[in-house]
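Please examine the sequence and the structure shown here before turning to the notes.

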Amino acid sequence: MTVSIKDVALAAGVSVATVSRALAKGPVSAALKAKVEAAIAATGYRPNLSARRLRSRHSDTIGLIVSDIRNPFFTAVSRAVEDVAYQAGMRVILCNTDENPDKEAMYLRLMQEERVTGVIFAATRATAETLDAEALGFPVVLIDRAAPGGAADAVVLDNAAAAGLLVSHLREQGHSRIGGLFGNTSSTGAERHAGFAAALAQAGLAAPARFVAPTAEAAQQAVSAWLAEAEAPRALVISNGLLLLGAMRAVRALGLELPRQLALAGFDNDSWTELAGPGLTVIEQPVDEIGRAAMAMLLERLEQPQRSTRKVVLTGRLVVRGSSLA
C-alpha cells in the first residue's frame, strides 16, 4: 500500500502540518525534524513531487532532450549539463527521442506536466522550425541545432566551417573525388553539407552527397552500396560519429585499406576513432563547453527572461590521423 504523509505523522507522533514543514525545510525544531526523518525511514514514505509542483511554479528540474543517447557526443554533453545543474542545485530529466518528432512532442508535453524550470534540447529540423518557447511555458536552449530566425537560444558548432576544413584537408592530400555522407533529420547535417558543397565548389569540383537516417546501420548500408559503384568516391567526409562508425564497418566488410584505397574523415573525436585502422581523422567538438554553455545560457535566461535570444557558435578542432593522409 502507498504510504501517505498521514502515516508518517502517526508514526512520528506529530501533526501532518509538522511533517509538511519538515519536508519543506520550514521552521521545525531539531528534535521534531529527527522524529519525522526517523518515521520517513521506518515507513518508506516518498514525497508526492507532482502534488508539490502543483503548488509551486517550478520544480528546480531541468529537462534534457537528446536525439540519441548512444551517440557519445550527446553522452558527453549530458554529463556537462548535469555537472552544472548539480552545482546550481537542480536535477535533470533525460529523454531520448531517436530523431522522432512525435517523441519530441511527447517529451515536451511531459516537461510541461513536470513544470520543469527549463529545457536543453537537441531538436530535429522539423521541430526546431515550429518551436515556440513562450507557448511551452519554459525557456528552451537548443544544442547542436538552431531554430530558424533565432526563435530560441542555441549553442552550436560552426558546422559549415568545420566541414570545409575537412574538405580542405583532403584536397591538400591530393584528393579530388570526395563524397559526403550526412544525416537527413537535423539542421546540423544540412549545415555540414552546405560547408562541404561550398568548399568543393570553390575548388571547382563536384560534391556528390548521400543523406541517410542518423544511425550506424543506415550509414554502413549506404557506404557499402556507394563504394560498389563504378564512379565511387576515393575519399569520404562523414557528418557525425555514429555515421562514421557505420562507414568504418562498411570499410572493414569490403576489405578496404585506409588510406591507400579510401580516405576517410569525419566528425566527433570518440575514443574508438584513434584505435580504428590507422586512426581516423576527425573534427573534435568542444562537447564539455557545449553542455556548460547551454546550461549557463539557460540560467541566464531565467535571470533575464526578456532579453533577446542568443546563438553561441563554437569552433571545432581538426585532429589528423592516418585515415586521410596521402
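The structure is a predicted model. The mean pLDDT of the protein chain is 92, and 94% of its residues reach 70 or more.

**Confidence**
- Over residues 50–56 the pLDDT stays under 50, and for this stretch the model has 8 contacts beyond four places in sequence.

**The sheet**
- An open sheet of 6 strands has the order S7-S6-S8-S9-S10-S12, with mixed pairing.
- Its edge strands, S7 and S12 (317–319), each pair on one side only.
- On average, neighbouring strands of this sheet are turned by 15 degrees against each other, direction ignored.
- Strands S6 and S8 run parallel and are joined by 4 bridges; Gly-179 stands opposite Leu-236 in S8.

**Helices on the sheet**
- Helix H9 (residues 159–172) packs on the sheet and touches S6, S8, S9, S10 and S12. The direction of H9 makes about 165 degrees with that of S9.
- Helix H12 lies across S6, S7, S8, S9 and S10, and runs at about 160 degrees to S9.

**Helix H11**
- Helix H11 (residues 216–227) has 12 residues and reaches 16 Å from its first C-alpha to its last, close to the 16 Å expected.
- Buried in H11 are Ala-216, Ala-218, Ala-219, Ala-222, Val-223, Trp-226 and Leu-227. These residues lie on the same side of H11 because they cover an arc of only 155 degrees around the axis.
- The buried residues of H11 pack against strands S6, S7 and S8 and against helix H12.
- Glu-217 and Gln-221 are exposed, on the face of H11 turned away from its buried side.

Definitions and conventions: Residues numbered from 1 in each chain as written. Predicted model: local features only at pLDDT ≥ 70, side-chain atom pairs only at ≥ 80, totals over all residues. Heavy atoms only, no water. Helix = DSSP H or I, 4+ residues; strand = E, 2+ residues; numbered from the N terminus. Expected span 1.5 Å × (residues − 1). Buried < 20%, exposed > 50% of the residue type's maximum accessible area, 1.4 Å probe, protein only. Arc of directions from axis to C-beta. Contact = heavy atoms within 4.5 Å. pLDDT = per-residue confidence, 0-100. Pairing = 2+ DSSP bridges. Axes fitted to C-alpha atoms, helices over the stretch in contact; angles between N-to-C directions.
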